[in-house]
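Colleague: Before I rely on this model, I would like to go through the terms used for it and hear what each one rests on. Could we take the whole chain before the single residues?

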Amino acid sequence: MAAFAESLPALIIAMICLRVTELHLPFAESASKDNLFPQALVTDLLSMLRYAPLLFVLTLPALLVRNRTRQSIAIGALWTIPVLLQAALVAYTSASGVPLGSDLFAYSLAEINTTIGGSTHPGGPLLAGTLLAIMLMWLGLALRAHGDNWPTFSSRGGAIVLACAVIALIAAPPQTRASAADAGGSAATVALNKTAFFIDDTLQDLFGRASVPTGQSAQSRQAALRDTSYRGPDPAHPFEHTDRTPDTLGPLLPRVASPQPNIVLIIVEGLGRSFSGPDARLGSFTPFLDELAARSLYWHNFLAPQGRTFGVLPSVLGSLPYGATGFAELPTYPPHISLPALLKEQGYSLRFYTGTGLEFDQEGRYLKSEGFTDTVSTPDFPATYQRSNDWGYGDRELVDMTLNRMRTAPQQQPALTVIQTNSMHTPYQFRGQAEYMERVDRRLDQLNIPAARRASYTAQRDIYASILYADDALRHFFTEAARLPGYENTVFLITGDHRLPELPMDTRLERYHVPLVVFSPRLKQPHSIKAVSSHFDIAPALAAWLANGYQLKTPPHVTWLGTGLDTSVEFRNLHAIPLKQTKTEFSDFVSGTVYLAQDRLFALSDGLLIEPVRDDAALAKARAQFNAFRGANDLMTRTGALAAPSALAERLTYTPAARELRSVALAAEHGRLGVSGLHIAPRTGRITATAVIVNGAATPSPTFVPLLVLSDANGAELGESYGKAITLDPGARAQVQLELGTSKLPSGRYFASLIPSHPDTGRPVGTGQYHVEVDR
């Protein structure tokens with residue numbers, strides 16, 4: 001024990017060296033807006049203390065060596081392994097933007113090989129830092145072997161160190177729970193100890209993640225199911241329910257008299273709202289998509305239910321639950337209803353085009369089960385096309401291949417065409433990359449990004465270049481698609497599979513925040529939609545639209561998780577949306593205007609901005625609803641039963657009666673008053689805030705005052721300003737403008753929130769909009 005305690009400082013020095021190296025890698029520098037070193041150092045030291053007993057057991061063979069010099073050499077040989085492991089996990093996090101945990105074991109060896117081969121790597125700086133860390137550790141062990149100015153421990157001292165470590169192992173929170181307790185974004189990821197996270201997450205998965213709280217009976221679980229959207233009358237098939245999806249697209253998309261419309265669904269790898277669309281937090285790097293959105297239906301507050309690609313096809317095409325590690329990974333697919341199956345049985349052809357392989361995430365197997373026979377992936381590209389990287393072909397090559405296939409495809413029947421891109425993915429390599437790397441600076445000029453903030457952009461120039469490249473590929477596709485037969489009778493949908501994780505994120509929820517664009521040449525008027533919807537709502541919405549306008553016959557009972565696309569121009573959320581970050585990480589849930597993140601509750605506002613909130617009733621409802629979903633999902637995974645086959649066999653015409661989006665018992669709605677469109681304009685010595693406050697209730701609002709609060713990055717309030725007292729009639733809206741002095745504040749990054757507040761107590765009386773960035 002004494003020898004172990006005496007040797008620990010050498011390992012601690014090595015790990016500090018690695019941490020300093022990590023904090024100077026591009027991902028960490030772009031994610032860290034404040035000095036993370038103190039927080040990260042405490043995390044590392046606590047993690048090493050927690051796992052000192054395990055390290056002691058692993059080091060025991062070396063500790064039993066009597067000769068002090070040979071003992072130090074043996075310890076160094078063994079401890080080089082955890083140093084290399086930490087370096088490898090840092091490299092993975094830097095390349096992928098997420099720490100590696102038990103999701104490693106949810107992929108096959110072939111998928112792991114593809115991922116590693118197609119990833120960017122930190123390279124020189126991390127390699128140099130790793131070598132330096134190992135050298136410093138060996139130097140410390142050499143000093144310890146010779147007793148030169150090195151701390152010594154008695155047997156009692158060594159025993160005390162290990163006793164403290166055992167206490168820490170029992171009492172200290174594991175990294176899986178403590179890591180995102182504040183729903184932090186990229187900065188929280190950087191601060192994690194990567195080895196501790198890998199061990200904690202793997203152990204938690206190995207010994208089982210609780211899907212339903214201990215002590216919750218089958219009866220209480222069924223009661224919770226009845227109070228949620230997962231409320232099927234048959235306990236053996238909780239996801240089966242009567243289809244009540246309304247046709248929300250019909251009033252916005254003019255009906256054509258003749259044939260059923262073509263549908264083109266474009267799933268853009270990594271496309272996130274923080275760098276695309278109006279008021280994008282990082283500035284928009286998708287100028288074409290922005291132009292298209294301005295003449296389309298555009299959902300500002302749209303969610304991808306998965307944080308990686310594994311779930312996107314089942315979510316979008318089938319509105320399906322996840323299973324254990326993704327619906328497509330299930331050994332056999334239970335009977336269910338999907339949009340492709342409905343369309344194919346009623347005359348549609350199904351086409352799927354991608355520039356990568358179909359083996360990853362079992363996509364090919366899933367598509368085949370849904371009836372796709374016309375598929376294009378890497379083996380189908382002729383020799384005239386040039387691969388971009390290990391993943392496959394770039395988006396421009398994919399677009400050209402798709403257009404060629406669409407030109408020669410039979411036109412006698414309508415088609416559902418799905419296009420899945422891959423260029424906005426590590427390693428961010430594509431043909432013509434040099435030109436787009438230069439265009440990043442021009443785009444920064446167009447966005448008026450100040451020089452002081454450009455370092456984080458240029459450090460990740462390859463990622464921003466890939467976004468511009470993918471956007472240009474979309475421009476080329478739409479330019480050429482306009483010349484194809486049937487273009488006038490086509491509806492295009494564009495969304496992201498998830499938000500790419502390598503660019504810094506402010507919150508955990510940002511990982512799921514993607515746009516949805518619905519465009520048709522026949523669309524008469526664009527709509528800017530602030531209501532929340534998700535991938536789960538696409539298939540039900542399209543099925544209802546085609547059933548109502550084009551006589552598509554649908555079953556009376558379905559297994560949709562979604563309830564349809566909400567087209568309200570005001571911010572609201574009528575949905576309950578489970579969010580699965582990776583194949584094994586499942587701890588996020590949105591219900592109405594609250595967000596449950598790893599068992600902590602946050603208020604949700606326009607822009608999908610979040611704020612910690614204390615609401616015990618809403619927390620209890622969100623927990624019950626989330627656990628009900630997880631219980632139903634586990635049941636489906638165990639039994640392989642999603643719906644009774646007999647319940648899915650019937651087909652009926654659309655009837656508008658009893659159809660509504662609001663089919664979920666939401667945890668919270670805060671429906672009376674809501675703030676949206678908060679815009680902050682920095683001026684000399686002050687900021688000006690403008691926003692709209694809407695009364696969505698059927699009764700007059702209480703009297704309230706609009707309250708503007710300015711805070712720093714740590715949440716400390718720096719100042720506030722309020723307007724005149726207001727009362728709004730049902731459905732009324734008010735434009736408000738407030739000013740707040742900032743002349744005494746140093747230059748930096750701040751956050752503004754605008755809240756409808758009680759005139760006397762200052763307590764919120766509606767849904768505010770929180771944490772809008774302000775640069776001074």
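Colleague: How many helices and strands does the protein chain have?

Modeller: The protein chain has 23 helices and 23 strands, where helices (H or I, at least four residues) and strands (E, at least two) are DSSP runs numbered from the N terminus. This is a predicted model, in which local features need pLDDT of at least 70 and side-chain atom pairs count only at pLDDT 80 or more, while totals for chains, interfaces and linings use all residues. Residues are numbered from 1 along each chain as its sequence is written, and side-chain values use heavy atoms, with hydrogens and water left out.

Colleague: Why is Thr93 called buried?

Modeller: Buried means under 20% relative accessible area, exposed over 50% and partly exposed in between, with a 1.4 Å probe and protein chains only; Thr93 has 2% relative accessibility and therefore counts as buried. Thr93 belongs to helix 5 (residues 68-96). Of the 776 residues in the protein chain, 60% are buried.

Colleague: Which residues is Thr93 in contact with, leaving aside its neighbours within four places in sequence?

Modeller: Contact means heavy atoms within 4.5 Å, and on that basis Thr93 is in contact with Phe27, Val98, Pro99, Leu100, Thr189 and Lys194, once neighbours within four places in sequence are left aside.

Colleague: Is Asp588 buried or exposed, and why?

Modeller: Asp588, which lies in strand 13 (residues 588-591), has 0% relative accessibility and so counts as buried.

Colleague: With which side chains does the side chain of Asp588 make a polar contact?

Modeller: A polar contact is a pair of N or O atoms within 3.5 Å; within protein, one must be able to donate a hydrogen and the other to accept it, and residues adjacent in sequence count only if both atoms are side-chain atoms. The side chain of Asp588 makes such a contact with that of Tyr512 at 3.2 Å and with that of Tyr595 at 3.1 Å.
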